[in-house]
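Take a walk through this fold with the viewer open.

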Amino acid sequence: MGVGKSTVGRLLAERLGVGYRDTDEDIVAAEGRTIAEIFVDEGEPVFRAVEKRAVRAALAEHDGVVALGGGAVLDADTRGLLAGQRVVYLSMDVEEAVRRTGLNVARPLLAVNPRRQWRELMEARRHLYEEVAAVVVATDGRTPEEVTQAVLDAVELKQA
């Protein structure tokens with residue numbers, strides 16, 4: 001959350017000369033409401049089912065850069081779909097998250113005690129991100145352009 005996946009994803013797609021797709025944007029467009037509204041109205045399990053369908057469709061239909069929501073990797077089937085893909089995990093620490101977002105924006109999983117909840121989410125998810133990632137790129141203290149270049153460099157080195 002707040003790592004810059006959308007910004008970096010767009011820059012990366014531009015640099016690679018391919019299209020960009022964000023599954024969170026797909027969900028909002030398909031559902032006609034925000035992710036926060038889906039969480040509040042329907043609950044997390046319903047949102048995760050919608051997210052799983054969105055990821056499956058994006059991976060099947062799109063050949064460019066795809067940005068996934070932070071919880072997409074919670075689903076084992078989704079992790080299976082990501083196997084063999086060039087997945088990049090953009091990482092950051094909690095202090096960077098606070099600096100970037102203030103942890104006070106509309107993030108349904110961070111509604112109460114955002115710092116603690118962010119840490120707990122990352123502790124629960126980090127191993128899943130690392131499991132599916134071909135490379136890990138730290139974003140702390142870097143501009144989106146620097147992160148984009150680091151992603152390109154990391155993916156190139158991994159392929160060599």
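Does Phe39 count as buried or exposed, and at what relative accessibility? Phe39 counts as buried, at 13% relative accessibility. Buried means under 20% relative accessible area, exposed means over 50%, and partly exposed lies in between (1.4 Å probe, protein chains only).

A word on the source. This is a predicted model, in which local features need pLDDT of at least 70 and side-chain atom pairs count only at pLDDT 80 or more, while totals for chains, interfaces and linings use all residues. Residues are numbered from 1 along each chain as its sequence is written, and side-chain values use heavy atoms, with hydrogens and water left out.

Now the overall layout. The protein has eight helices and four strands. Both are DSSP runs numbered from the N terminus: helices are H or I with at least four residues, strands are E with at least two. From the N terminus on, the order is α-β-α-α-α-β-α-β-α-α-β-α. Of the 160 residues, 40% count as buried. Contact means heavy atoms within 4.5 Å. Among contacts between residues at least 6 apart in sequence, 66% join residues at least 24 apart. The protein exposes about 8800 Å², and carbon and sulfur atoms supply 51% of it. These areas come from the Shrake-Rupley method with a 1.4 Å probe; for residues, only the protein chains shown count as cover.

Start at helix α1, residues 5-16. Its twelve residues reach 16 Å from first C-alpha to last, close to the 16 Å expected at 1.5 Å a residue. The expected span is 1.5 Å times one less than the number of residues. Val8, Gly9, Leu12 and Ala13 are buried in α1. They sit on the same side of α1, because they cover an arc of only 135° around the axis. That arc is taken from the directions from the helix axis to the C-beta atoms. Just after α1, Gly17 takes a positive phi of about 70°.

Next, the aromatic pairs. Rings of Phe, Tyr and Trp (its six-membered ring) pair if their centres lie within 6.5 Å; planes under 30 degrees apart are stacked, over 60 edge-to-face, and the rest tilted. The count comes to two pairs. Phe39 and Phe47 have ring centres 5.0 Å apart and planes at 35°, so this pair is tilted. Phe47 is buried, at 2% relative accessibility. Tyr89 and Tyr129 also form a tilted pair, 5.0 Å centre to centre with 40° between the planes. Tyr89 lies in strand β3 (residues 88-91) and Tyr129 in helix α7, so the pair ties together parts 40 residues apart in sequence. Both tyrosines are buried.

Finally, the charges. A salt bridge puts a side-chain nitrogen of Lys or Arg within 4 Å of a carboxyl oxygen of Asp or Glu. The whole structure holds 13 of them. Glu61 meets Arg21 at 3.1 Å, N to O. This pair links helix α4 (residues 44-61) to strand β1 (residues 20-22), 40 residues apart. Glu61 is exposed at 57%, whereas Arg21 is buried at 19%.

Asp75 meets Lys52 at 3.6 Å. Asp75 lies in the loop between β2 (65-67) and α5 (76-82) and Lys52 in helix α4, so the pair ties together parts 23 residues apart in sequence. Asp75 is partly exposed at 23%, and Lys52 is partly exposed at 24%.

Glu131 bridges to Arg79, with the closest N and O atoms 3.4 Å apart. Glu131 is in helix α7 (residues 114-132) and Arg79 in helix α5, 52 residues apart.
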